Amino acid sequence: MKVTRKLFIRLGAVLVIIILGVVMFFVGKQHTILIDNFSSGDYRALDEFWVSVDGSDYLDMSRMMREQFVVMGQKHNISLQWEDEASGQMLAVSFNISIPLNEDMMLLSVPTFMADMNAPQSTWLTHFESQATPSSSSPEDNTVVLDDTASFSSF
Amino acid sequence: MTKPEINMKNISVKELIINNIVPILFICICAVGIPLSGYSGSYLLNEILSRLGRNSFLVLSLLIPVMAGMGLNFGMTLGAMAGQIGLIFVSDWSVVGIPGMVLAAIISTPISIILGYMCGTILNHAKGREMVTSYIIGFFMNGVYQLFVLYLMGSLIPISSSELILPRGYGIRNTVNLESMRKSLDNLIPFNIFGASVPVATLILVAIFCLIIIWFRRTKLGQDMRAVGQDMEVARQAGIKVERTRVLSIILSTVFAGYGMIIYLQNIGTLNTYNSHSQIGMFSIAALLVGGASVDKANIRNVFIGIILFHLMFTIAPTVGRNLIGEAQLGEYFRVFVSYGVITLALVLYEMRKRRAERIALEKGEEVAV
């Protein structure tokens with residue numbers, strides 16, 4: 001009886017730790033959001049707007065600009081401010097996005113979003129593959145330093 | 001008038017100096033070195049606070065095996081390897097900041113437990129030679145770690161990040177960038193004092209660990225460990241499972257060393273995959289000995305005094321070397337040879353004291369017999 005109770009407590013503790021690990025994975029997962037102001041199909045790029053991600057300082061964005069925000073977790077708040085051409089008034093919109101867990105980099109097309117704010121997220125927030133070309137590898141790149149004293153200088 | 005009885009331990013000045021020769025030596029080195037280095041007080045304070053946060057957890061992890069009479073656990077590198085494996089996985093999964101650290105700690109725990117159990121079991125077969133055995137186990141496990149990280153990761157164990165994998169397609173690169181995790185714990189609660197940044201959150205964590213150690217000493221397991229540390233045979237006759245207690249002490253030390261390594265590397269911000277762990281045991285043990293600890297006696301006070309003095313020497317040595325001889329590299333060599341020298345000196349002093357105590361006990365025994 002005592003052994004069973006002990007076993008259950010231990011299994012419970014292990015389970016709690018596993019759950020904690022899963023939660024940390026979801027909460028701490030890093031994503032990159034690219035805020036994009038390029039013309040896309042029928043949607044014309046905005047002349048100028050200001051963007052903030054998760055309450056960061058507003059960033060000024062002109063036509064043909066793309067800015068990168070590195071964020072942690074899946075749910076994020078995007079705030080946009082722009083000047084209405086007709087009235088000259090400053091307008092603002094704030095909305096939430098949810099990044100799929102397996103996506104490292106997402107592109108948020110602001111012109112597409114502005115064209116139809118009620119459109120589903122998948123129309124203006126899309127997967128983005130980094131265009132960075134892998135550097136050519138030389139035999140030296142494959143070598144590793146196994147010298148025990150190499151870490152002395154870091155102490 | 002009779003003299004009042006002085007109820008004080010009769011220790012001669014010579015004995016006091018011999019007992020504390022290592023800390024005294026370091027105080028002298030620092031006292032001479034600080035003016036020669038030309039560093040400002042705020043710079044040194046900043047460095048010491050940073051190093052205190054960075055190294056305390058690692059050094060504290062050495063206290064438990066000392067309590068159990070297993071000497072200085074050179075096998076703590078096993079825990080450091082486990083911590084590094086946790087960090088490699090977390091980097092591959094792009095989990096950053098504090099959640100990344102917690103996840104790395106969770107991953108490192110079962111690895112540390114397995115390695116600690118293995119190490120403890122081997123040490124039980126090498127009673128009286130624990131330190132040298134754990135030192136060699138560290139080297140042996142370094143080879144296993146290299147096999148794991150250099151050949152199995154990327155081939156058998158899935159690692160997807162091209163930033164981590166060597167261009168040949170398997171094996172981890174020399175360095176893993178932990179920039180996304182760098183100082184995430186140290187800077188969690190920002191606080192400055194005299195222009196020096198204080199890693200408040202890290203120090204709170206260290207303080208909690210200190211309280212856990214104090215509490216642990218009073219628990220049944222802690223008492224058992226102390227009993228085993230004092231005399232194994234007496235402890236065995238008292239019904240304590242000596243071997244199990246010793247294995248547990250090494251497991252705990254290894255697990256905490258793994259956490260310590262994660263804290264250490266979040267401060268550094270870069271993981272030298274094949275080197276970061278290799279000297280961590282050596283420097284942590286040296287720091288503890290500098291604080292006045294010995295092979296059979298170490299406490300929390302020794303940890304902090306040791307880190308402050310040892311890392312003060314570490315900070316000033318290269319600049320002193322450059323200012324005196326025009327060669328910073330000399331200071332680098334100096335601090336490395338001092339680290340080894342301190343351990344040697346402490347071990348020699350320990351043996352001398354032990355033999356002296358044995359001789360005195362023998363002489364007393366002979367007197368009683370006469």
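A crossing counts as right-handed if the near helix is turned clockwise from the far one by less than a right angle, and as left-handed if anticlockwise. I note that the model is predicted.

Entry one, the helix pair. I looked up α6(B) and α7(B), and α6(B) passes α7(B) in a right-handed crossing. Helix α6 covers residues 97–124 of chain B and helix α7 covers residues 130–152 of chain B. Their axes come within 10 Å and cross at roughly 140°. That angle makes α6(B) oblique to α7(B), because only angles over 145 degrees count as roughly antiparallel.

I then listed the residues in the contact. From α6(B) I have B:Leu115, B:Met118, B:Cys119, B:Ile122 and B:Leu123. From α7(B) I have B:Glu130, B:Thr133, B:Ser134, B:Ile137 and B:Met141. Sorted by class, the contact has 7 nonpolar, 2 polar and 1 charged residues.

Entry two, the sheet in chain A. I found an open sheet of 4 strands with antiparallel pairing, in the order β3-β2-β5-β6. Which strands stand at the edges? They are β3 (59–62) and β6 (90–98) of chain A. Each has a single partner strand, so one side of each is left without a neighbour in the sheet. Direction ignored, neighbouring strands of this sheet are turned by 25° against each other on average.

I also checked one pairing within chain A. Strand β2 (residues 48–53) and strand β5 (residues 75–83) run antiparallel and are joined by 5 bridges. For A:Ser52, I noted A:Ser79 as the bridge partner in β5(A).

Methods. Residues numbered from 1 in each chain as written. Chains lettered and ligands numbered in written order. Predicted model: local features only at pLDDT ≥ 70, side-chain atom pairs only at ≥ 80, totals over all residues. Heavy atoms only, no water. Axes fitted to C-alpha atoms, helices over the stretch in contact; angles between N-to-C directions. Parallel < 35°, antiparallel > 145°, perpendicular 65-115°, else oblique. Contact = heavy atoms within 4.5 Å. Nonpolar A, V, L, I, M, F, W, Y, C, P; charged D, E, K, R; others polar. Pairing = 2+ DSSP bridges.
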